[in-house]
Every structure is written in structure tokens, then in C-alpha cells.
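Student: I would like to go through this model term by term. Please hold each label against its cut-off.

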Amino acid sequence: MNKSITARAHTNIALIKYWGKADPKLIIPQNSSLSLTLEPFYTDTTVQFLPTLDQDQISIDGQLLTNVAGLRVREFLDLVRQRAGIQTFARVASTNHVPTAAGLASSASGFAALAAAASKAAGLELSLPELSRLARRGSGSATRSIYGGFVEWQKGHNDADSLALPFQENIDFDIQMIAILLDPRPKKVASRAGMAQVVATSPYYAAWPPTAEKDLLAMKAAILKKDLNLIGQLAETNAMKMHATTLSANPPFTYFEPETLQAIEIIQNLRNNGISCYYTMDAGPNVKVICSAKETPAILAQLRQHFPADHLLVAKPGPGIAYI
Ligand code: 2P0
């Protein structure tokens, strides 16, 4: 106890999306999902439980969080304290190497790193599946960031069996992503609020869980076949089915910006010219391109004619959590 522990977790982008909760408190999803962990985007989090503190002290990128902004982190620390049987407050310092709240899932790497650092600092020795379950309580997408490569979050039915498992940690074929940063501002509708609104009001939502489960099975087969085109097609269709539920919510909303549609058109044009590239989008306007490393230079050359070079981030598959 009182040891200072630092953990690193990489973010992930879902190829088959998690969208909608069956249990909002425990964060049990309505459908299983599958993601790719990315190498260049990660969060480093240091946690130390200190008897001298009279409240949790939480900073992100050097900025001390107010009580309101830090609520989700403090509630998460309460879970860890409960499990470890301690009452000590903690000092938490987190550094994001992810554009925060820009649709690159900083909550995924953030809560995965926090789960790993806080549990170990509290004296718990959790297995990776147990860490995945714990990270899930912070943020759904964090469930998957415990592992590297392709990761499946099996929705399960309850707190004990809703967790992620590696599907393919060491990827032996050519696949990566290009993130196109279109809007660095925090998103207009947070994913948590957005998916709740969709579940509550969209008449199309009922079609989502069964179609996502079908897509997941097809995606796993495509990965095993190392079929980049099929992986891309399935990811693209799955993402757009998810986004269709926001337009049909009441009130309706969308994560698309005009530049989002522009980026999609560029990808479609590249594909019509024989280059294998596909798009996916999360709860924000940014577009992620699924492609091979081999064809990345040709794709970048085209994208640079429309977007600033420093808004185009190439991301290879990344590893699971590590203590540093
Ligand atoms: C995903 N997203 O599978 C989906 C696709 C966004 C769109 O997981 O409420 O921040 O913390 O569980 O994990 C983003 O939602 O939501 C997300 P909470 P989270 O990556």
C-alpha cells in the first residue's frame, strides 16, 4: 500500500460498435463489439493512495479537476476502494497522448489505465479479465483497451461475465488506420447521452443489437481470413448502421460535420480507383480510415490535398496495458 503505480493503456477503435446499454449502472451493453487497439494513442496514469489526503486529487494533463469534473473518476476509485477494503484517498495524475474528446476514445485508454494503476496501487492483483471487468465500470470502450490487437467485448449478462477477451493479439497481416482529425472541439453530444437517447427514442434501435451480432460473427471470420477488404466493408456498414440510429432518435442528432462527408467521399473515390480503404466513425465527427500500410502513402497523398498534414494520424495496431 501507498505505492505509486503507473500504467499505460492504448485506445481502441471499434470495427463492430458498442452502442446502447442493457444496464446503464453496471455498463452492460446491448451487443458485443470488436475493436482494434492502436499504437500511437495512449494514456499514462499514476495512482497513489495516501493517508494524508482528505479527498481524491485528480489531474489530467497537469490540470487539477474540480469536484464535478472528477466525479466519474472518484466514483471509480470508490469501486476500487470497496474491492480492496480500504478507505484511503488517492492522488491520480493522468497524461493523455490522445486528442481528448475528439472522437478518439480517450475514455477508453483513460479508464483502462486507471483500472490497472488504481487496482494495483490499492494492493489488488487482478487478472486481465478481471481488469477488463473493472475498466468496464468506468467506460464501456475501456473494457476492450486492456488487450492489444483485435479485441472482443462479450456483452454477457451481468457484472461477472461482461468482459473483453483478446481475439487476435499478434496481428500477422497488413492492417492499420489513418485518423482524420476534423474537429478538435469536445463533441456536442457525449456518447453516453447519445446512446441513451437512441435506446429510449429511436424506432430503429431494435434492429441494432441483432444486426451487430451478425456483423461480429462475419468480422471474426474476415479477420481469420486476413481479408482486409471484407473487414473494411463490414466495419463501414456497421458504423453507418449505428449512425442511422442517431438520425432517427427524438430529438434527432448526428455526429457528422460537413468535413465528415467530404472525407467519406474521398475514401469512396480512392476505392473506385482501386485502393483498398474503408471508413469508420464513432461518437464524433472524425473519420478513421481502415487500410494497409502498403497503400497508406497513396491514401495520405490524396487526403493531404484536402486536410492539413498534421490532422492525418497514422496508427498501427497497438499492445495491451502495461505497467511502466
Ligand atoms: C465503441 N463508442 O464501440 C462505440 C462506438 C462510440 C461509438 O464506446 O457510456 O465512452 O462510457 O460506456 O465507452 C463510446 O462510448 O461510453 C463508445 P460509456 P463510451 O467504441
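Student: Why is K226 called partly exposed?

Tutor: K226 has 14 other C-beta atoms within 10 Å. A residue is buried with 20 or more other C-beta atoms within 10 Å of its own, exposed with 12 or fewer, and partly exposed in between; C-beta atoms are placed from the backbone. So K226 counts as partly exposed. One caution: this is a predicted model, where local features need pLDDT of at least 70, side-chain atom pairs count only at pLDDT 80 or more, and totals for chains, interfaces and linings use all residues. Residues are numbered from 1 along each chain as its sequence is written.

Student: What makes I27 buried?

Tutor: I27 has 21 C-beta neighbours inside 10 Å, so I27 counts as buried.

Student: Where do K226 and I27 lie?

Tutor: K226 is in the loop between helix 5 (208-224) and helix 6. I27 is in the loop between strand 2 (21-23) and strand 3 (28-29). Helices (H or I, at least four residues) and strands (E, at least two) are DSSP runs, numbered from the N terminus.

Student: How do you know that the bond joining N250 and P251 is cis?

Tutor: Its omega is about 0°. Most peptide bonds are trans. P251 lies in the loop between helix 6 (228-247) and helix 7 (258-272).

Student: What makes strand 11 (278-281) and strand 13 (312-315) edge strands?

Tutor: The open sheet has 4 strands, ordered 11-12-10-13, with antiparallel pairing. Strand 11 and strand 13 each pair on one side only. Two strands pair if DSSP finds at least two bridges between them.

Student: How many bridges link strand 10 and strand 12?

Tutor: Strand 10 (residues 176-180) and strand 12 (residues 287-291) pair over 5 bridges, in the antiparallel sense. I178 stands opposite V289 in strand 12.

Student: Which residues come nearest to the ligand?

Tutor: Of the 15 residues around the ligand, A14, S139, G140, S141 and R192 come nearest. A residue is near a molecule or strand if its C-beta atom, placed from the backbone, lies within 6 Å of it.

Student: How do the residues of that shell divide?

Tutor: They divide into 6 nonpolar, 6 polar and 3 charged. Ala, Val, Leu, Ile, Met, Phe, Trp, Tyr, Cys and Pro count as nonpolar, Asp, Glu, Lys and Arg as charged, and the others, Gly among them, as polar.
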